[in-house]
Amino acid sequence: MKTLRTLLAVLLAAGLVLAAPGALLRQRPGGPVALVKIPKGPGYSPALVARLGVDVRQELRTSLLALADATDQARLRRSGVRFSVLDRTAGRRELFVVGAGSPADLAALRAAGRAVAVEPGTAIFWTETGSAAEAVPAGLPRKALSARTVRPARPAAAPTGPAPAAPPADPFIETLAGQVTASSLNATVQTLQDFQTRYASTSNCEAAGEALYAAFSALGLDDVAFQTFTFAGSYTSRNVVAEKTGSTFPDDIYIVCAHYDSTSPSATRLTHAPGADDNASGTAAVLEAARVLAPHELDYTVRFIAFSAEEWGLYGSRAYAAAARTAGERVRGVINLDMIAYADAMPEDLQIIVNPASEWLADLYLGAAASYGPLAATKTVDASFVYSDHSPFWDTNYPALLAIEDDPLTNPYYHKTTDTLSTLQPDFFTASARASLGLLAELAQPVKAGYPGTPTGLLAMWEVYYSMFRSLATVHLTWRDQADAAGYNVYRSSTPHLGYVKLNAAPIEGRTFTDDTVVAEGTYYYVVTAVGPTGLESNRSAEIVPADFFIDDAPRPEAP
Amino acid sequence: MKRRAALLGLAGALALGLVTSAKAQSLSVSAAGGGMFPSNGLYRDIYGRSLALAGDLWLDLRGPFGFTAGFSALSDDGVALGPDDLYDVKLTRRTVPVVAYGRFGVGPVTVRAGAGLAFHRVEETWRTVDLGFTGTKTAPRFLLGASVRLIGRLSFTAYATYDPLHMKEDPYASSVDVGGLTAVAGLAWRIF
């Protein structure tokens, strides 16, 4: 027995000795996580970066910022991807992308903590101790590095022709836009300004959030809620989220948003940060859009959101976008309004900033601005412009635009105690709010009395035949019958959401259509409208791209 | 392209004439039939294997070299790939090759291996729809064959050719491989 026990003990000891290194190896991480910069130089390929599973946290104009441990770095080297290490222990702290446009900005950052210039106008910032969020100098725009992996944008294709025509002005939406008034906008700005400060860590900001909650609630929307989140370690704040649920496509969501928190230099921001232009102006336009649209039935769900803690690094929108993505919400488009009321010269134009995947949204905005502002707007496709609440939506692969008065900013009161209502230009402010409401209404599609219902259940399927040199392609479309429709129109575009061309000469009597004017390699977007007995045409159906086959669990149209 | 084909034919005829008058050892004519095994999977899916017919002149020089030139035709019927078998398609290929080869003989058997150029004209048509393609291309050709003397001037001949034939409609289109390995067998008659 003693011999047996001894033998067992020896075996156990031997097992431990043999197993320990294995266990250690399994538990050993790939070393400290570093922040690396991957330049978009010769040989850069977004596809290769994706294939290597690089943990990209921010895309900039000429480079990517990614987190990589030693194993990741070895994989990058093996694959010939050039990179440089910016911070060897980045995994342990919060990092900020900061707009540092001048040597003075960079010097101010370096006085406040550690800063590395990443590319012209952009630095990465952190502190060894204390809150980096609070250490960033007040005048500099910043974004907390994304908490999740982001997908680098593919290079935008060179335009092959003129931009598709925006839809003509809709008289009903013109009427809605006309209900936006300077007095109403100014009243909201004044209310927010009267909180003295809306710096996100203060009770005044919390009170401003409650005032917005009450204002949205008074409009009779379908839902108003707070979304609470933590930021910069120990602080909490609340987004205010109001919803008007769509009657036709309730699960498809358009968002109009603005941040309601404010800031000013560190000596005053806890007590005095009026933030009229930045960003009571955007918040007022969101509230005004809710006021005008609240009485109307809409095809799509619209969420009116006032974000908090934007000035700390976009924490409110980051929490919201991450939650939406995690919940699998179908956010079809985001309109972010940030500083839309200061004009350095009249006529002022509005800058619309998008990433390549959201370019269609900017094209629509330009049309809406001309129709409903009226207002001149300029489109900029720049995935590296990340210093407002649209950016977390880009990070979570939702289309989003930023509307802002100037890029670079010209407002001399920016982030100062002098950013007050008296410095705003009311005509420009009103036109900006009307244009934004016009775009939102075009997207959400108000349901008009007397018009046929919006067609639903649109499906499209490719049918392609190939020989060695030729192909014969058709697209078969089918949709659900609309009780009050006398016929249907089918529209097609080669770009999403605009530039539709009607394919049928006379209204289609059935609920199917075959498009034989396509080529197999083309990308097409289809919508269908219903035509009533008196010729009135409904809103557009949901847009669809033809699939190679019917998806098994997709809703199939009923038999005729 | 027609000019190129004419030049190629002229050059082949000239070369044959020169060597016939100077250093020719023997000249044979052959007729053979067989099949083509396409390199391209899409080709196989649409057309399967092809029927090929060929007629060639074989000029053996004094020494271990020679030339061959001729004409071959290939014709295929198939069905366009798609959800249903709706569209019948047809592909034809006419080829004029000129190939230089090396040879060696063992008893009644002569083995030939060589390389050269072949001018191809490819035509694809959809029988019930107004769709089609016609193109020409000069491409390399590789040859491996053998012949066995039977009786008198008559021989059995068999050879395989490999044609990498990538064609495209215009410079911006992606190329389509309609080449492959062709194997034929038939009879040859020695003229002198």
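The model is predicted, so local features need pLDDT of at least 70 and side-chain atom pairs pLDDT 80 or more, while totals for chains, interfaces and linings use all residues. Residues are numbered from 1 along each chain as written, chains are lettered from A, and side-chain values use heavy atoms, without hydrogens and water.

**Exercise 1.** Determine the angle at which helix 7 and helix 13 of chain A pack, and classify the arrangement.

Solution. 
1. Helices are DSSP runs of H or I with at least four residues, numbered from the N terminus.
2. Axes are lines fitted to C-alpha atoms over the stretch in contact, with angles from 0 to 180 degrees between N-to-C directions.
3. For helix 7 (residues 182–193) and helix 13 of chain A, the angle is about 100° and the axes are 9 Å apart.
4. The two helices are therefore roughly perpendicular, a class that covers 65 to 115 degrees.
5. In contact (heavy atoms within 4.5 Å), Ala182(A), Leu185(A), Asn186(A) and Val189(A) of helix 7 meet Pro426(A), Phe429(A), Thr430(A) and Ala433(A) of helix 13.

**Exercise 2.** Find which residues touch the most other members of the largest nonpolar core.

Solution. 
1. A nonpolar core joins buried (under 20% relative accessible area, 1.4 Å probe, protein chains only) Ala, Val, Leu, Ile, Met, Phe, Trp, Tyr and Cys residues through side-chain atoms within 4.5 Å.
2. Among the 92 residues of the largest core, they are Phe216(A), Phe304(A) and Tyr365(A).
3. Helix 13 of chain A supplies the largest share of this core, 11 residues.
4. Tyr365(A) is also one of the buried residues of helix 11 of chain A, where 10 of 14 residues are buried.

Methods. Buried means under 20% relative accessible area, exposed over 50%, partly exposed in between (1.4 Å probe, protein chains only). Angles under 35 degrees count as roughly parallel, over 145 as roughly antiparallel, 65 to 115 as roughly perpendicular and the rest as oblique.
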